[in-house]
Amino acid sequence: MQIYNTLTRKKEEFVPLEEGKVSMYVCGPTVYNLIHIGNARPMIVFDTFRRYLEYKGYEVNYVSNFTDVDDKIINAAIEEGVSADEIAERYIKECQKDMEGMNIMPATTHPKATEEIDGMISLIGTLIDKGYAYDKDGTVYFRTRKFKDYGKLSKKNIDDLEAGHRDIKVVGEESKEDPLDFVLWKPKKEGEPSWNSPWSDGRPGWHTECSVMAKKYLGDEIDIHAGGEDLIFPHHENEIAQSECANGVPFAKYWMHNAFLNINNKKMSKSLGNFFTVRDISEKYDLQVLRFFMLSAHYRSPLNFSDDLMESAKNGLDRILTAAEKLRDVITSGKEEPLTDEEREIVNGASEFVKKFEEAMDDDNNTANAIAAVFDLVKYSNSNVSSDNTKQFAEAMYEILTELTDVLGIILEKEEEAQGDEDYINEMIEKRAQAKKDKDFALADQIRDELLEKGIVLEDTREGTKWSRK
Ligand code: AMP
Ligand code: ZN
């Protein structure tokens, strides 16, 4: 399997540090608002990648954090007149609801920055002891120039960075030894959440959080670190500097970055105000459609959000769901006989599409081509399966389709839909019973025929009316 590694700017063969196991860290959202669909892109594409790793038999330790202490959270708290904790707790819950709607598997661990402060203090202490960091009046800075590899991920030259920084003076940061140095710990301002530390009552810098959570839950060296491409610099560059200087070993072997989700060809972002929340989209579409839309493009290509593309994602997804429904019909109403030779051959023939799917996913998580393979399979299934076939045959085809859609995180039959079906059937049965009581036999027959058309057979027994699928 090949992965495009931002560190080397090349597709590389994926070889995990430990055979059969993968450790993966994905930077999660800052929780001060409902997540927007730009934030959903890394969630969906890396969840799909994780599912594929599991499909291939790897045991995946998947860690994704919530950044629950940050200026934006504090500002939102001040605006609402509530505590920063309350804002963070609320939006973590909301984010989890959205993730469930998008069928994102829960991470192995979802650490929260505020629960990992001890580890951060310890990492900063190590960096100070090793001479990579220094305290100036309660603020701790990282000595960027001391890390010789600084810039290796973003391919930035440290002298160019220096020139760019010379004129930028950030208030309160005049005491830095070098304009390139970045903050690891900062003292609190009045009313801000803070923790005790050897340097000041204060809070950690954002970059420090991820280095610490990755170390604690995955180890000093990890296989894959992922996030949106805006994080390459400075966030991931700084994570590398902190982790490698503190731990003395290379941090992540592979760095994966998704391109932006744009709107009118501009990055969708909270600060630009040009965003839709996942919640907005859920009012119009099942969030599966959003997931399918995201996966229809390669994760490293910019993706422009539009109503048209969402509609075509909906149609594409419907094609798959309809084929699945047709297979389910044959599973219930097909012949109760063993597979025929011809059917067995058709099932074997489907492996061509599975192979195409795997080739696409092996090629740097190319979900766009993987979806094309699923469409091929759907077409093949539609033209080969009918009610004249055996149940076993439909079952075998359904299993193949499910294996692939499971990797994409697409649910072929939603439980609530199945449940909805049952609620509907029971409601109709009650209506028919009432019609019979009212001696409106025409209506009673009409209800029975309507259900029959939908493949539902009614049987009147002493215990009442029972139903089964044809
Ligand atoms: P944030 O809450 O801004 O820290 O972002 C959380 C994750 O969403 C990071 O991995 C970002 O890179 C990613 N992200 C934010 N905006 C977009 C966007 N418009 N398109 C794709 N990814 C994004
Ligand atoms: Zn991070």
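A: Happy to! First, a word on terms: two strands pair if DSSP finds at least two bridges between them. Please keep in mind that this is a predicted model.

With that in hand, let's start at the sheet. Three strands make up an open sheet in the order E12-E11-E13, and their pairing is mixed. Strand E12 (266–267) and strand E13 (303–304) are the edge strands, each pairing on one side only. Between strand E11 (residues 261–263) and E12 the pairing is antiparallel, over 2 bridges. Within that pair, Ile-263 stands opposite Lys-266 of E12.

Now to the ligand. Ligand 1 is surrounded by 18 residues, and the closest are Gly-38, Gly-228, Asp-230, Leu-261 and Met-268. Sorted by class, this shell holds 8 nonpolar, 8 polar and 2 charged residues.

Several polar atoms of the protein face the ligand. Thr-30 places a polar backbone atom 3.1 Å from an oxygen atom of ligand 1. Gly-38 has a backbone N or O atom 3.1 Å from a nitrogen atom of the ligand. Asn-39 uses its side chain instead, with a polar atom 3.3 Å from an oxygen atom of ligand 1. On its own, ligand 1 would expose 490 Å², and the protein buries 90% of that.

As for where the shell comes from, helix H1 (37–55) and strand E9 (222–228) are the elements that give two or more residues to it. The largest share, 3 residues, is from H1.

Note on methods. Residues numbered from 1 in each chain as written. Chains lettered and ligands numbered in written order. Predicted model: local features only at pLDDT ≥ 70, side-chain atom pairs only at ≥ 80, totals over all residues. Heavy atoms only, no water. Near = heavy atom within 4 Å. Polar contact = N/O pair within 3.5 Å; in protein donor to acceptor, adjacent residues only side chain to side chain. Areas by Shrake-Rupley, 256 points an atom, 1.4 Å probe, with all protein chains shown as cover. Helix = DSSP H or I, 4+ residues; strand = E, 2+ residues; numbered from the N terminus. Nonpolar A, V, L, I, M, F, W, Y, C, P; charged D, E, K, R; others polar.
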